[in-house]
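Here is a short briefing to read with the model open beside you.

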Amino acid sequence: MAAIEDLARKAQGHLESGQFEAAKAAVDEAWTLAPGDDRLRDLYANVYLAHGIRLSGIAREMRRKEIEAGGKPGETFEDSEAVKAVFREMIAAFDRVLAVDPNHTKALSLKAQALFRIDRGNRAAALAVYEEAMRALERTVPPGPALETGKRNLTTARRRIERPCDWCDDTGFCTECGGTGWRTTLGFRRKCDACLGHGTCKRCGVL
């Protein structure tokens, strides 16, 4: 018992300091010693949720840099294997959360976004995960303002991906910078105002 509590404290401390690999190692060990322990469940979910969110930012930035380095506006773009690997790891992190808490609404919504970001051909699968997120929300949040706010947020996020985007020809890339995150005006290079440097379409882009 003391060993588990010590591992839990270490995992929480590493999580708070942004040391995700150390946090995962500690919480994994604790979970192995006490699988299904309710005291660990939230911590386990929080560690892997934070890890997935971190990977989301890494994948987005890797993709943007690859477009900047080799792509041109209007050209067909395909992620490198390195970028695809980060996306796969990101989904795996959200799946770890869902393995211990199938009703984790945030993990479900983030997984839906990740599926869509990896490949817009996954639109139907992503929408199905959004529907599961809505059902999970209704199962876990009692009727009232919090439930209604959650449903509005999920519905808004779902609408961003439910049909092909005419604004960017459904590429997901910013129409102003072509996905590079940068614009050049009169010889001066600056972050794109339309996407704030993210390289994503302002109407349908999912960060």
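This is a predicted model: local features need pLDDT of at least 70, side-chain atom pairs count only at pLDDT 80 or more; totals for chains, interfaces and linings use all residues.

Residues are numbered from 1 along each chain as its sequence is written, and side-chain values use heavy atoms, with hydrogens and water left out.

**The whole protein**

- The protein has seven helices and two strands; these are DSSP runs numbered from the N terminus, with helices (H or I) of at least four residues and strands (E) of at least two.
- The C-alpha trace spans about 65 × 40 × 25 Å along its principal axes.
- Of the 207 residues, 42% count as buried, where buried means under 20% relative accessible area, exposed over 50% and partly exposed in between (1.4 Å probe, protein chains only).
- Among contacts (heavy atoms within 4.5 Å) between residues at least 6 apart in sequence, 59% join residues at least 24 apart.

**Helix H2 against helix H3**

- Helix H2 (residues 20-33) packs with H3 at an angle of about 150 degrees, and their axes are 10 Å apart; axes are lines fitted to C-alpha atoms, for helices over the stretch in contact, and angles run from 0 to 180 degrees between N-to-C directions.
- That angle makes H2 roughly antiparallel to H3, since angles under 35 degrees count as roughly parallel, over 145 as roughly antiparallel, 65 to 115 as roughly perpendicular and the rest as oblique.
- H2 and H3 cross in a left-handed way, meaning that the near helix is turned anticlockwise from the far one by less than a right angle (clockwise would be right-handed).
- On the H2 side, the residues that meet H3 include Phe20, Lys24, Val27 and Trp31, while those on the H3 side include Leu40, Tyr44, Val47 and His51.
- By class, this contact has 11 nonpolar, one polar and five charged residues; Ala, Val, Leu, Ile, Met, Phe, Trp, Tyr, Cys and Pro count as nonpolar, Asp, Glu, Lys and Arg as charged, and the others, Gly among them, as polar.
- Among the buried residues of H2 are Phe20, Lys24, Val27 and Trp31.

**Helix H3 against helix H4**

- Helix H3 (residues 38-70) and helix H4 (residues 81-100) pack at about 160 degrees, with their axes 8 Å apart.
- H3 is therefore roughly antiparallel to H4.
- H3 passes H4 in a left-handed crossing, and their contact has 18 nonpolar, three polar and five charged residues.

- His51 lies in helix H3 and is buried, with a relative accessible area of 2%.
- Not counting residues up to four places away in sequence, His51 touches Phe20, Glu21, Lys24, Glu89 and Ala93.
- Arg63, also in helix H3, is buried with a relative accessible area of 14%.
- Leaving aside neighbours within four places in sequence, the contacts of Arg63 include Phe77, Asp79, Arg117 and Phe173.

**Helix H6**

- Among the buried residues of H6 are Arg123, Leu127, Tyr130 and Met134.
- The buried residues of H6 pack against helix H5 (105-118) and helix H7 (145-159).
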